[in-house]
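Here are some questions and answers for a reader new to this structure. Each answer ends on the value or name asked for.

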Amino acid sequence: MRAVVQRVSSASVTVDGTTVGAIDEPGLLVLVGVTHTDTPAEAARLAAKLWGLRILSGEKSCSDIGAPLLVVSQFTLYGDARKGRRPTWQAAAPGPVAEPLVEAVCAELRALGAHVETGVFGADMKVGLTNDGPITLILEI
């Protein structure tokens, strides 16, 4: 699994003009990509890493201060543009494989006590955010 994690002051996801997920306080926006070999064990490891990642103000984690997370599926994180001008998506897991694993990350976070907002898997989403710092990390699990 691959995730792009951004520390944000606020973030939201809109689908067809309707806000489907939003956080209005400091927290994390997490874009999650899944590849073919990922398992629920990787989803659990990613959730634990996100919950304990100390990148919020004062080197705090979401678990330290109860900060919310907005999790958005993002198959393009496994795009490969090394050749030519058009990326290939071959490393990205297909929807029937990826969707349950993105949901597993969210479920694991909630089981840890997190407030989790989400986008809509496979939808054309508009993501808005106010990056705080800016702090952006790429995680590989």
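Q: Is Glu 59 buried or exposed?
A: The model is a predicted one. Glu 59 sits in the loop between helix 1 (40–52) and helix 2 (62–65). Its relative accessible area is 54%, and a residue counts as exposed over 50%. Therefore Glu 59 is exposed.

Q: What is the phi of Glu 59?
A: Most residues other than glycine have a negative phi. Glu 59 is not a glycine, yet its phi is positive, at about 55°.

Q: Where is Asp 16 found, and is it buried or exposed?
A: Asp 16 also has a positive phi, about 50°, although it is not a glycine. It is found in the loop between strand 1 (2–15) and strand 2 (18–23). With a relative accessibility of 77%, Asp 16 counts as exposed.

Q: How many helices and strands does the protein have, and in what order do the elements run?
A: The secondary structure comes to three helices and six strands. From the N terminus on, the order is β-β-β-α-α-β-α-β-β.

Q: What is the radius of gyration of the protein?
A: For 141 residues the globule rule gives 14 Å. The value for the protein is close to that, so the protein is as compact as a globular protein of that length. The C-alpha trace spans about 40 × 35 × 25 Å along its principal axes. The radius of gyration is 15 Å.

Q: Which share of the contacts joins residues at least 24 apart?
A: The contacts considered are those between residues at least 6 apart in sequence. Among these contacts, the share that joins residues at least 24 apart is 74%.

Q: What percentage of the accessible surface belongs to carbon and sulfur atoms?
A: Of the 141 residues, 40% count as buried. The accessible surface comes to about 7500 Å². The part that belongs to carbon and sulfur atoms is 51%.

Q: How many Å apart are the mean positions of the positive and negative charges?
A: The protein has 12 positive and 15 negative charges. Their mean positions are apart by 10 Å.

Q: Is Leu 31 buried or exposed, and which residues does it touch?
A: Leu 31 has its place in strand 3 (residues 27–33). Its relative accessible area is 16%, and the cut-off for buried is under 20%, so Leu 31 is buried. Leaving aside residues up to four places away in sequence, Leu 31 touches Arg 2, Ala 3, Val 4, Val 72, Gln 74 and Leu 77.

Q: How are the rings of Phe 75 and Trp 89 arranged?
A: The structure holds one aromatic pair. The ring centres of Phe 75 and Trp 89 are 5.3 Å apart and the planes stand at 70°. Planes over 60 degrees apart count as edge-to-face, so the pair of Phe 75 and Trp 89 is edge-to-face.

Q: Where in the chain do Phe 75 and Trp 89 lie?
A: Phe 75 is partly exposed at 48% relative accessible area, and Trp 89 is partly exposed at 37%. The two residues are 14 residues apart. Both Phe 75 and Trp 89 lie in the loop between strand 4 (69–73) and helix 3 (95–112).

Definitions and conventions
Residues are numbered from 1 along each chain as its sequence is written. This is a predicted model: local features need pLDDT of at least 70, side-chain atom pairs count only at pLDDT 80 or more; totals for chains, interfaces and linings use all residues. Side-chain values use heavy atoms; hydrogens and water are left out. Helices (H or I, at least four residues) and strands (E, at least two) are DSSP runs, numbered from the N terminus. The radius of gyration is taken over C-alpha atoms; the globule rule is 2.2 Å times the number of residues to the power 0.38. Buried means under 20% relative accessible area, exposed over 50%, partly exposed in between (1.4 Å probe, protein chains only). Contact means heavy atoms within 4.5 Å. Accessible areas come from the Shrake-Rupley method with a 1.4 Å probe; for residues, only the protein chains shown count as cover. Lys and Arg count as positive and Asp and Glu as negative; His and the chain ends are not counted. The place of a charge is taken as NZ of Lys, CZ of Arg, CG of Asp or CD of Glu. Rings of Phe, Tyr and Trp (its six-membered ring) pair if their centres lie within 6.5 Å; planes under 30 degrees apart count as stacked, over 60 as edge-to-face and the rest as tilted.
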